[in-house]
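Trainee: Could we go through this model together? I would like to begin with the overall make-up and then turn to the side chains.

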Amino acid sequence: MYLSRAITAVAVGTALALAPTNSTQAASPQSEQSSTQGFRKAVTVDGIRAHQAAFQSHSDAGGGNRVAGGPGYEASARYVTDKARAAGLTVTDNVFEFLFNADRTPPTLAQTAPTATTYVDGTDYASMTFSESVPSTTAPVWAVDLVLPTAPSPTGSTSGCEAADFTGMPVGSIALLQRGTCTFGAKSANAKAAGAVAAVVFNDGADAGRTGVVNGTLGGAGLGAALGTTLAVGQDLANGIRSGATGSTATVRIDRVQETRTTRNIVAETPGGNPDSVVVVGAHLDSVSRGAGINDNGSGSATILEIAETYMAQERTPKNKLRFVWWGAEEFGLLGSKAYVAGLSQAERDKIALNLNFDMVGSPNYARFIYDGDNSAFPAPAESAKGPAGSGEIERVFRDYFAAAGLASEETPFSGRSDYGPFIADGVDIPAGGLFTGAEGIKTAAQAEKFGGTAGVAYDPCYHLACDTLANVDLQGLSEMSDAAAHATLHFAKRDFATQPLVDPTPPPSSGTGTGSGGGLHDDHDHEAVAS
């Protein structure tokens, strides 16, 4: 997933199936589910795993990742293209340029006084996307408007959000900042303007999902050098100092490459189907620079490839045209999907009936999350993006599918922080929906009882790390989520929108409260300059 997924915001939805409220949508959840049974059976985990194994080999041969603009990504793009064409889909490249920014060599962060402590890259800290480089520098750590030792006020910390927060900080200091109400980019830019050699932003402990490493993005170039850390590292570096003083001395080093690169989205369409009524089924193909990205998002991209191949093998003729898209540079801020949507004319946008998005559907400590398209659990704009009309009906199709299958589900914020975001943006307003199994957020005891797995552990402990390999996938979860993805794809491929329009049903009552979560969330994903 793309965002700074520090917080995996997942809301507890409901597993109850409600009958649709409009008379044109009279099919029961059970009949909807049975109508896709044969197709779902043909979409196999073995097929998905074969594609994931190929992605792993592309990473292995490409320097240990499948980052957009790199050889691992290009190998995966060629693989998807070849498979889609062999299946009979019409394939085109959607090429775009983007600003590539990634670690050239691993960053360094260590406390030198009062206690010598070496922190671990990827476990205790990580450099932020679009961070500038800084040579190895030892300097005092200046605490900036901190609220310690635990969570900030209910309104959130404003640490580093204003230039005045840095009053008194000696030039050349390392600015220690707390995650909070403004963007990481704003914090880092203010620190740079005040003369800091680097900004260190630590997680705020606002909930169980906000204690780990801040995998953040500055949202653009020229905003300073920045690292994100865990809550524990932030407290350690503060050394008991709340604000306006030196807490410790540390050494920091950041070595990142930044250059313009070219990459592509892979667009594959069914030959048949109404070209004026298009269902876009998407998943991002790229990984972060740290690893192969086999769950994030080799799970979603392999799943839609298996769905596409199966659909064509069954020689189905869709009522609506299916357009499968594998997005590039998602991890740099949804750049592939943004470039694609921006390149469509209004007439082309008007032909798109809806977008389905599958970003992380095999997390090893998974939950079954559905995007909250009707904003019933996460109101917009305070907690989520506003779902265009019809997004609630897409949510219903997923919710009712799981209920009919006897599987519990929950909502996750419709945050716009995965590749459906550009489709639901103001002025575009294309209905969207999708699935997510969790990122770095922490599974609650109630969720462990509902979904299985382990409470108190991240949904994906290898999120954005080198251990996101072929072994980092729960096969039962992948099976359940790929079945749901196949169901929705076939359902909307054959749906007559003239007689069954996307009319949002009355939302079901909430079954409880939940914690935030990435994918649906990716509120902590390295995707965009969201409020920190």
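Mentor: The chain has 13 helices and 14 strands in its secondary structure. Helices (H or I, at least four residues) and strands (E, at least two) are DSSP runs, numbered from the N terminus. This is a predicted model, in which local features need pLDDT of at least 70 and side-chain atom pairs count only at pLDDT 80 or more, while totals for chains, interfaces and linings use all residues. Residues are numbered from 1 along each chain as its sequence is written, and side-chain values use heavy atoms, with hydrogens and water left out.

Trainee: How much of the chain is made up of buried residues?

Mentor: Of the 532 residues in the chain, 61% are buried. Buried means under 20% relative accessible area, exposed over 50%, and partly exposed in between (1.4 Å probe, protein chains only).

Trainee: And what share of the contacts joins residues at least 24 apart?

Mentor: Among contacts between residues at least 6 apart in sequence, that share is 84%. Contact means heavy atoms within 4.5 Å.

Trainee: Which residues touch the most other members in the largest nonpolar core?

Mentor: That core has 56 residues, and those with the most contacts to other members are Phe324, Trp326, Leu356, Phe358, Phe398, Leu435 and Phe492. Helix 13 gives the most to this core, namely nine residues. A second, separate core has 23 residues, including Val134, Leu231, Ala250 and Ile254. A nonpolar core is a set of buried Ala, Val, Leu, Ile, Met, Phe, Trp, Tyr and Cys residues joined through side-chain atoms within 4.5 Å. In soluble globular proteins, nonpolar side chains tend to be buried together.

Trainee: What does tryptophan 326 touch?

Mentor: Leaving out residues up to four places away in sequence, tryptophan 326 touches Tyr73, Val80, Asn265, Ile266, Ala268, Ala283, Leu285, Ser301, Ile304 and Leu305.

Trainee: Now the rings. How many aromatic pairs are there?

Mentor: There are 17 aromatic pairs in the structure. In one of them, phenylalanine 96 and phenylalanine 98 have ring centres 6.3 Å apart and planes at 55°, so the pair is tilted. Rings of Phe, Tyr and Trp (its six-membered ring) pair if their centres lie within 6.5 Å; planes under 30 degrees apart count as stacked, over 60 as edge-to-face and the rest as tilted. Phenylalanine 96 is buried at 8% relative accessibility, and phenylalanine 98 is buried at 4%.

Trainee: What about phenylalanine 369 and tyrosine 459?

Mentor: Their ring centres are 5.4 Å apart and their planes lie at 90°, so this pair is edge-to-face. The pair links distant parts of the chain, 90 residues apart: phenylalanine 369 is in strand 12 (residues 369-371), and tyrosine 459 is in the loop between helix 12 (445-451) and helix 13 (475-494). Phenylalanine 369 is buried, with a relative accessible area of 0%, and tyrosine 459 is buried with a value of 0%.

Trainee: Which residues do ring pairs link into a cluster?

Mentor: The cluster links Phe96, Phe98, Phe100 and Phe332. Arginine 261 lies over the face of phenylalanine 100, 3.5 Å from the ring centre. A charge sits over a ring if NZ of Lys or CZ of Arg is within 6 Å of the ring centre and within 35 degrees of the ring normal. The charged end of lysine 443 likewise sits over the ring of tyrosine 366, at 5.9 Å from its centre.

Trainee: Changing topic, where are the cis peptide bonds?

Mentor: One joins aspartate 296 and asparagine 297, with omega about 0°. Asparagine 297 is in the loop between strand 9 (274-284) and helix 7 (298-313). Another joins alanine 380 and proline 381, where omega is about 0°. Proline 381 is in the loop between strand 12 and helix 10 (391-404).

Trainee: And which residues other than glycine have a positive phi?

Mentor: Among them is phenylalanine 130, with phi near 75°. Phenylalanine 130 is in the loop between strand 3 (125-127) and strand 4 (134-143), and is buried at 6% relative accessibility. Histidine 464 has a positive phi near 60°. Histidine 464 is in the loop between helix 12 and helix 13, and is buried at 4% relative accessibility.
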